[in-house]
Structure formats: C-alpha cells, structure tokens
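Work through the exercises below with the sequence and the structure open beside you. Try each task before reading its solution.

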Amino acid sequence: MTDVWMTLSSLVFHDESTILHLKDWFFNQAGNILIALIVFLVGRYIIHWIQRVAERVMTRADYDPAAMSFVSQMVYYVLLVGLILICINQLGVPTTNFIAAFGAFGLGIGLALQNNLANLASGLLILLFKPFRAGHYISVGDIEGNVQAIQFMNTIIITKDQKRVYIPNSQMTSQPVTNFSYMRERMIPFVFDISYNNNHHDAIQLLKDIFSADKRILNSKSMEIGIKEFGNNSVRIAAFARVNTSNYLDVFYDIMSDVKDAFDEHGIEIPYPQRVVYMQHVDSSVGESVKMVGKGSDTKSMKKNR
C-alpha cells in the first residue's frame, strides 16, 4: 500500500511528502468528513423544504408565476452557498479566506458586469413591487405587447405582430411603463366629429342610444358625454365608456362601426377638413386686380398674375 502511495506521489507531485500529508489529513479528518457529508445532505433537504415553503407563501400571496420561479431560485442558491461554507468550516478549513476570495471575485465581476447587475437588481424590483405581471399588456417607449416572462436580465414582450422583444430590466425601471391590464375596468375615450350644420342634441341622443344598446358598457346610464370643443371644421363630441378590461378593444371597434352606420342613416355628417381659397389675378384690360373666393377640401392658397 505504501508503494502505491509513493508511486502516485512521484507521478503527481514533485515533492513526495505532499501526498503523504494529504493521506494523513484524510485519515485524521475522517470523522469530520463524515459529519460534513451528513450536514450537506441534511442541509440540502432543509433547503428544498424552505424553498417549497417560500413557494407556498408566494402562491397564497398571489405572486406572479415568473416572480415565484425567480425568487425560488435565488433562495435556493443563496442557502446552498451558505451550506457549502458550513461544510468547509466543519472540515477545519478556515472560511475567512474563502469569504475574502469570494468578495474579491464578486467585486471584480461586479465592476466588469455593471449593466448586468443593474438588470438583475431591476428584475428584483419588478418582482417586488409588481408594476406588471406575465400576461399583462404594457407599453414601454415604442414597444407595446403582452409580457411573456420576467427573467433575471430581461423582460420578454410579445408584440401584436408576434415579435419577441427582449427589454433589459434596467430600462423597465428607468422609463415610464403603461400597464393596460392592471385595472379590471377601463374607460374608452371616444371623440366624434359632426358638422356645424347638424343638430348636436340629436347626435348626442343618438350616441346615448348606441351606448345603451351595448350591454358590455357598464356606465351607459351615467356616462359622461357632451361637446368637447368647437374645432375648425367640426363640433367635437366626447364620450367616456367604462368597460371590463378584457372587452376594451371589442367594444371600441364595435361602437365605432355602429356610430358610422347610425350617422349615415340619420344624415349626420362627419366633415372633412376644409379651407377657404383666395385666387387673385390682374385684369389687363382695366389694370385692376380681381379677387375670387372659393372653397376646397384640401387646397392651398395661390396667386396668379397675368
């Protein structure tokens, strides 16, 4: 047996006494190694139990599934690192050096990956304060779509044209985010233009009848509706319909179609932009300028001399 150790030592180490010291240390620390192994196995069982308890607590608190997965993994790995340090300490190895080494290593990694750490911290803030969840329809800058997942570094958004967009979490916490799905009910701000030649009382009553006929509108009897402003070419009527968030787009498209049909049926005009055009020319026979006035739908002022 001694010959085997000596041969292995000569093959692996230049100093033959090194492996002999390791052999002596192993036999001297056999009890501590066994205890460390038992502590590691029991500790892993306890960590899994804590992880399951944390998941049950988050489930009862109605946490987002993406947040549950994120936090569960963080809890597991943090506790696992602590368990490994405990086992190393049980073997008689000073953990102070390991902690210092981990600290220096972490500092170097942190300096090299500042943006990634910012994304990670922002992801934790999103999961903590929950401004949006997986499945919510949100708008961030020029990007709009459904949140598919909240990952360590990115938030994944699926747009209406089925594009998969990865947005760094740091951007999600540093600019305005509009969440269209957060509230159970939403207001649809309608604006309808009618001609000055039409009776606005009749138009408003017609709109009320259209809104009352749609059972998905929750405030048809108490709806805020009236003249919003007098535009350059039209009277603008505003109406605010309250609906369930899930019905928002369906109600919007249906009401717009119904209003167009009703306006056509009752002779209510939706005016085009109009301009008054002045045309001026010089009558060569009398040497005087003659001004002509006309109307056009989208023409520019012009002057003609002859």
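The exercises that follow concern a predicted model.

**Exercise 1. Find which side of helix 9 is buried, and state what covers the buried residues.**

Solution. 
Step 1. Check the length of the helix. Helix 9 runs over residues 248-265, which is 18 residues. The expected span is 1.5 Å times one less than the number of residues, so helix 9 should span 26 Å. Its end C-alpha atoms are 26 Å apart, in agreement with that value.
Step 2. List the buried residues. In helix 9 these are Tyr 248, Val 251, Ile 255, Val 259, Ala 262 and Phe 263.
Step 3. Look at their directions around the axis. They cover an arc of only 95°, which puts them on the same side of helix 9.
Step 4. Identify the cover. Strand 6 (185-194), helix 8 (200-213) and strand 8 (235-244) are among the elements that cover the buried residues of helix 9.
Step 5. Go past the end of the helix. Helix 9 is followed by Gly 267, with a positive phi near 70°.

**Exercise 2. Repeat the analysis for helix 8.**

Solution. 
Step 1. Helix 8 has 14 residues and should span 20 Å at 1.5 Å a residue. The distance between its end C-alpha atoms is 20 Å, which agrees.
Step 2. Seen down the axis, the buried residues of helix 8 fall within an arc of 160°, so they line one face of the helix.
Step 3. His 201 and Ala 213 are exposed on the other side of helix 8.
Step 4. The cover over the buried residues of helix 8 includes strand 6, strand 7, strand 8 and helix 9.

**Exercise 3. Decide whether Asn 219, Asn 89 and Gln 162 are buried, partly exposed or exposed.**

Solution. 
Step 1. Set the cut-offs: buried is under 20% relative accessible area, exposed is over 50%, and partly exposed is in between.
Step 2. Asn 219 lies in the loop between helix 8 and strand 7 (224-230). Its relative accessibility is 6%, so Asn 219 counts as buried. Leaving out residues up to four places away in sequence, Asn 219 touches Met 187, Phe 240, Ala 241 and Arg 242.
Step 3. Asn 89 is in helix 4 (residues 65-90). With 47% relative accessibility, Asn 89 is partly exposed. The C-alpha atoms of Asn 89 and Asn 32 are separated by 9.8 Å, although the two residues are 57 residues apart along the chain.
Step 4. Gln 162 is in the loop between strand 3 (154-159) and strand 4 (164-168). Its relative accessible area is 64%, so Gln 162 is exposed. Its phi is positive, near 60°, in a residue other than glycine.

Terms used. Residues numbered from 1 in each chain as written. Predicted model: local features only at pLDDT ≥ 70, side-chain atom pairs only at ≥ 80, totals over all residues. Heavy atoms only, no water. Helix = DSSP H or I, 4+ residues; strand = E, 2+ residues; numbered from the N terminus. Buried < 20%, exposed > 50% of the residue type's maximum accessible area, 1.4 Å probe, protein only. Arc of directions from axis to C-beta. Contact = heavy atoms within 4.5 Å.
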